[in-house]
Amino acid sequence: MADLLLDVQGLETTFKTSEGVVHAVNGVSFGLKEGETLGVVGESGCGKSVTMLSILGLVASPPGNVKAGSAKFFDQDLLKMSRDEMRAIRGAQIGMVFQDPMTSLNPVLTVGRQLQEPLMLHLGMSKKQAESRAAELLEMVGIPNGKDRLSDYPHQFSGGMRQRVMIAMAISCSPQVLIADEPTTALDVTIQAQITDLIKRLRSELGMAIIWITHDLGVVAGLAQRVIVMYGGHIIEEAQVNELFANPAHPYTIGLIGSLPRVDDNDQRRLVSIEGLPPMLFEKPTYCPFAPRCKWVMERCWNENPVLETVAPEHRVACWADVKKERPR
Amino acid sequence: MTDNDVLLRVDNLVKYFPIMRGLLQKQVGAVRAVDGISFDVKRGETLGLVGESGCGKSTAGRTILQLYRATSGNVNFDGTDLTTLKGEDLRKMRRKMQMIFQDPYASLNPRMTVGEIIREPLLVHNVATESEANERVKELLELVRLNPAFSSRYPHEFSGGQRQRVGIARALALQPSFIVCDEPISALDVSIQAQVVNLLEELQDKFNLTYLFIAHDLSMVRHISDRVAVMYLGVVVELTTRNELYANPLHPYSQALLSAVPVPDPVIESTRKRTILVGDVPSPANPPSGCRFRTRCPIAEAVCAESRPEFREIKPGHFVACFFAERFLQ
């Protein structure tokens with residue numbers, strides 16, 4: 001497809017651990033269109049972060065191993081690039097924001113120095129140019145007196161402010177893609193609202209595409225245009241955001257939406273819980289990874305791992321059952 | 001409301017942590033973690049205590065249970081003032097009030113089996129012999145839906161949700177009437193959160209338990225609580241019934257907090273208007289004068305810096321600490 005900015009096909013990543021090989025990502029394919037915001041949803045261990053780290057060449061090897069797949073970005077395969085080629089793209093054309101702003105900033109360098117580094121490295125700015133651009137960037141992400149704060153260290157900023165600094169770094173080279181891995185999870189709700197608001201503003205100002213990884217369906221509902229739901233290292237459902245919330249088709253997505261209490265909900269209904277635990281993935285699943293927890297499980301689910309099939313326009317689901325009609329597809 | 005309905009009455013509770021400095025460890029200040037909070041918890045109800053990190057909600061929970069000794073103020077539990085109790089008397093009272101902790105990884109001793117962990121309170125309080133205790137462990141494990149055969153396993157063999165069930169079983173071992181749940185689900189995955197919350201609700205119905213449910217997740221608090229208290233920087237700014245708070249929040253902080261919570265529904269999210277608060281929470285070591293919230297408040301006036309707004313009952317059962325709460329009355 002020509003209109004895709006990023007086209008990931010058949011990505012597989014494993015990790016060697018003392019207890020065996022963990023199959024973290026098992027054949028993930030998705031595309032990212034220009035300027036769109038793609039939400040990636042799933043619980044801890046579902047492979048959502050590893051997918052993005054694999055694309056960015058940030059999986060440490062060993063223990064990690066990106067075994068198969070391709071990730072086309074402007075006709076180049078990110079997975080086949082050398083370290084230096086990858087380094088030229090990371091931070092320049094693809095920006096990143098991580099969950100914990102304290103551990104992803106260098107505590108012994110000033111914020112100014114860390115902001116100037118990509119500008120000088122990728123854009124070839126002089127020290128002076130980089131300094132004034134860094135101050136601009138801080139103002140842009142809502143840090144007042146940007147110029148005066150360049151000489152501050154990360155610990156002199158609060159959690160929300162640090163995340164703003166991270167965002168300033170990520171957008172400093174005007175990337176086409178911003179990958180944000182749980183960027184608001186460590187923050188309080190009022191600060192989270194500030195950050196999502198900021199991202200929305202920057203998105204419309206800069207027109208970049210965003211991949212937003214989160215476990216919070218509420219954040220996705222407000223921010224994403226399209227959503228991918230991951231489970232056990234697979235994409236199990238993919239749809240436009242309104243379609244996904246209105247007509248979730250995978251039992252896991254249905255369970256996930258049902259298990260959420262809502263702040264605008266008046267009656268105290270019992271929450272629908274998904275019984276059981278997420279899979280350990282010591283073997284590459286030959287059956288549906290959700291089968292052990294699924295209410296609608298059938299014989300076929302144990303024999304064959306379902307593949308994504310289109311059930312409605314731009315809505316794909318990996319499930320053998322048509323849950324709504326209570327019968328096999 | 002007669003006094004008999006009230007299980008716990010917290011009256012002007014204060015907890016300061018001293019800040020020491022220098023060779024002689026002179027006290028140079030204090031972190032005012034909890035700075036004069038008052039509320040009642042009725043028998044059998046769940047009172048939600050919400051607020052952002054650092055607002056003092058966990059300290060409040062711990063001070064109520066006398067895990068921290070209060071700087072001043074009273075905690076009246078079932079007719080006894082806990083703040084005056086010491087030693088053996090306090091230890092006896094602890095049987096009636098228990099705690100479920102946030103981190104299921106840190107709150108279970110990794111060197112003890114699950115059976116030993118759940119049995120320990122029974123033996124410490126001398127309420128059961130060894131064999132009775134073992135029977136009781138089995139009952140408790142079944143109660144929290146864990147296989148009783150698991151009692152000889154160690155905590156690391158369990159998942160986060162299962163560990164939290166062990167923590168719940170331990171808290172229930174002495175048949176308490178009151179449990180402080182300190183963020184019991186925030187470390188768990190979404191699909192597991194619902195399992196644990198459903199279990200807590202079930203146990204409450206079964207044993208007529210009273211919960212103080214501390215959390216930062218407003219949607220979950222709305223789901224589980226009968227009444228909700230909102231804390232900001234060491235003080236309770238609003239307290240009322242669940243539906244009243246979510247329908248008519250009267251304190252500007254509660255309003256902002258509620259509007260900041262994302263709703264898992266893209267149709268609603270696209271039309272919602274947000275009140276975005278500016279800035280961060282000030283340090284509790286040096287809180288603003290007057291109203292604690294005034295530095296971030298969209299409607300603050302000069303009077304807010306001068307005196308602290310009284311925590312008053314603005315309409316039956318609805319308490320708020322704001323000079324201008326009347327403006328939002330419908």
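Trainee: How many residues of chain B are in contact with chain A?

Mentor: Happy to start there. Contact here has C-beta atoms, placed from the backbone, within 7 Å. This is a predicted model in which local features need pLDDT of at least 70 and side-chain atom pairs count only at pLDDT 80 or more, while totals for chains, interfaces and linings use all residues. Residues are numbered from 1 along each chain as its sequence is written, and chains are lettered from A and ligands numbered from 1 in the order in which they are written. On the chain A side there are 39 residues, and the number for chain B is 36.

Trainee: Which element gives the largest share of the side of chain B that touches chain A?

Mentor: Helices are DSSP runs of H or I with at least four residues, strands are runs of E with at least two, and both are numbered from the N terminus. Those giving two or more residues to this side are H6 (190-207), H7 (218-224), H8 (242-247), H9 (252-260) and H10 (266-271) of chain B. The largest share is seven residues, and it comes from H6(B).

Trainee: Is Leu188(B) buried or exposed?

Mentor: Leu188(B) lies in the loop between S7 (178-182) and H6 of chain B. Leaving aside residues up to four places away in sequence, Leu188(B) touches Gly160(B), Gly161(B), Gln164(B), Gln193(B) and Val196(B). By C-beta atoms within 10 Å, 20 or more others count as buried, 12 or fewer as exposed, and in between as partly exposed. Leu188(B) has 22, so it is buried.

Trainee: How are H3(B) and H4(B) oriented to each other?

Mentor: The axes of H3 (residues 114-124) of chain B and H4(B) come within 9 Å and cross at roughly 125°; axes are lines fitted to C-alpha atoms over the stretch in contact, with angles from 0 to 180 degrees between N-to-C directions. Angles under 35 degrees count as roughly parallel, over 145 as roughly antiparallel, 65 to 115 as roughly perpendicular and the rest as oblique. H3(B) and H4(B) are therefore oblique.

Notes: Two residues are in contact if their C-beta atoms, placed from the backbone, lie within 7 Å.
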